[in-house]
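This briefing is meant for someone meeting the structure for the first time. It begins with the strands and how they pair, and then turns to a disulfide and to the aromatic side chains.

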Amino acid sequence: VQLQASGGGLEQAGDSPKLSCRASARIFSSAVMAWFRQGPGKAREFVARTRWSRTSTYYAGSVKDRFTISRDTAKNTVYLEMNNLKPEDTGVYYCARGVQWSEQPGEYQHWGQGTQVTVSS
């Protein structure tokens, strides 16, 4: 399955963009979908994850209460609503699919190409 992320761009601090990640094929019910990001000169870090079959989510502490992950099973799409953006949210945002309820990048087998989010102060 291929994952296509979109929705990034140049944002202002405080903006509330929404990223999308569409899968090219049906996502099986046991999948875990996640968003990661990689800032300039930084390692890839976990942002949020959700189970595909039910509403169960988990967030990194740095984005909890600001970002919301959701999915539309009919559209094979997972979203990341980002509220109150900060300059430190700048990075390339990747969606990923795995089967483990994990925040480790190595546990995810399929990755999108990434979408750049740049937040200016």
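Predicted model: local features only at pLDDT ≥ 70, side-chain atom pairs only at ≥ 80, totals over all residues.

## Strands, a disulfide and aromatic rings

Strand β7 and strand β8 (residues 77-82) run antiparallel and are joined by six bridges.

**The four-stranded sheet**

- Four strands, in the order β1-β3-β8-β7, make up an open sheet in which the pairing is antiparallel.
- The edges are taken by β1 (3-6) and β7 (67-72), each of which has a single partner strand, so one side of each is left without a neighbour in the sheet.
- From one strand to the next, the twist averages 15°.

**Strand β4 and its partners**

- Strand β4 (residues 32-38) is largely enclosed by the rest of the structure, because six of its seven residues are buried.
- β4 is joined by six bridges to strand β5 (residues 45-51), and the two run antiparallel.
- These two strands, β4 and β5, form a hairpin with six residues between them, and in the turn glycine 41 has a positive phi of about 70°.
- β4 also pairs with strand β9 (residues 91-98) in the antiparallel sense, over seven bridges.

**The disulfide**

- The count of disulfides comes to one, and it is formed by cysteine 21 and cysteine 95, whose sulfur atoms are 2.0 Å apart.
- Cysteine 21 lies in strand β3 (residues 18-23) and cysteine 95 in strand β9, so the pair ties together parts that are 74 residues apart in sequence.
- The torsion about the S-S bond of cysteine 21 and cysteine 95 is about 65°, and the disulfide is therefore right-handed.
- Cysteine 21 and cysteine 95 are both buried.

**Aromatic pairs and a nearby arginine**

- The count of aromatic pairs comes to six, and one of them is the tilted pair of phenylalanine 36 and tryptophan 111, at 5.0 Å centre to centre with 50° between the planes.
- This pair links distant parts of the chain, as phenylalanine 36 belongs to strand β4 and tryptophan 111 to strand β10 (residues 108-111), 75 residues apart.
- Phenylalanine 36 is buried, with a relative accessible area of 0%, whereas tryptophan 111 counts as partly exposed at 26% relative accessibility.
- Tryptophan 111 also forms an edge-to-face pair with tyrosine 94, with 6.3 Å centre to centre and 80° between the planes.
- Because tyrosine 94 lies in strand β9 and tryptophan 111 in strand β10, that pair ties together parts that are 17 residues apart in sequence.
- Tyrosine 94 has a relative accessibility of 14%, which is under the 20% limit, and therefore counts as buried.
- Phe36, Phe46, Tyr58, Tyr94, Tyr108 and Trp111 form one aromatic cluster.
- Arginine 44 lies over the face of tyrosine 94, at 3.8 Å from the ring centre, and also over the face of tryptophan 111, at 4.7 Å from the ring centre.

How values were computed
Residues numbered from 1 in each chain as written. Heavy atoms only, no water. Buried < 20%, exposed > 50% of the residue type's maximum accessible area, 1.4 Å probe, protein only. Pairing = 2+ DSSP bridges. Disulfide = S-S within 2.5 Å. Phe/Tyr/Trp six-rings, centres within 6.5 Å; stacked < 30°, edge-to-face > 60°. Lys NZ or Arg CZ within 6 Å of the ring centre and 35° of its normal. Axes fitted to C-alpha atoms, helices over the stretch in contact; angles between N-to-C directions.
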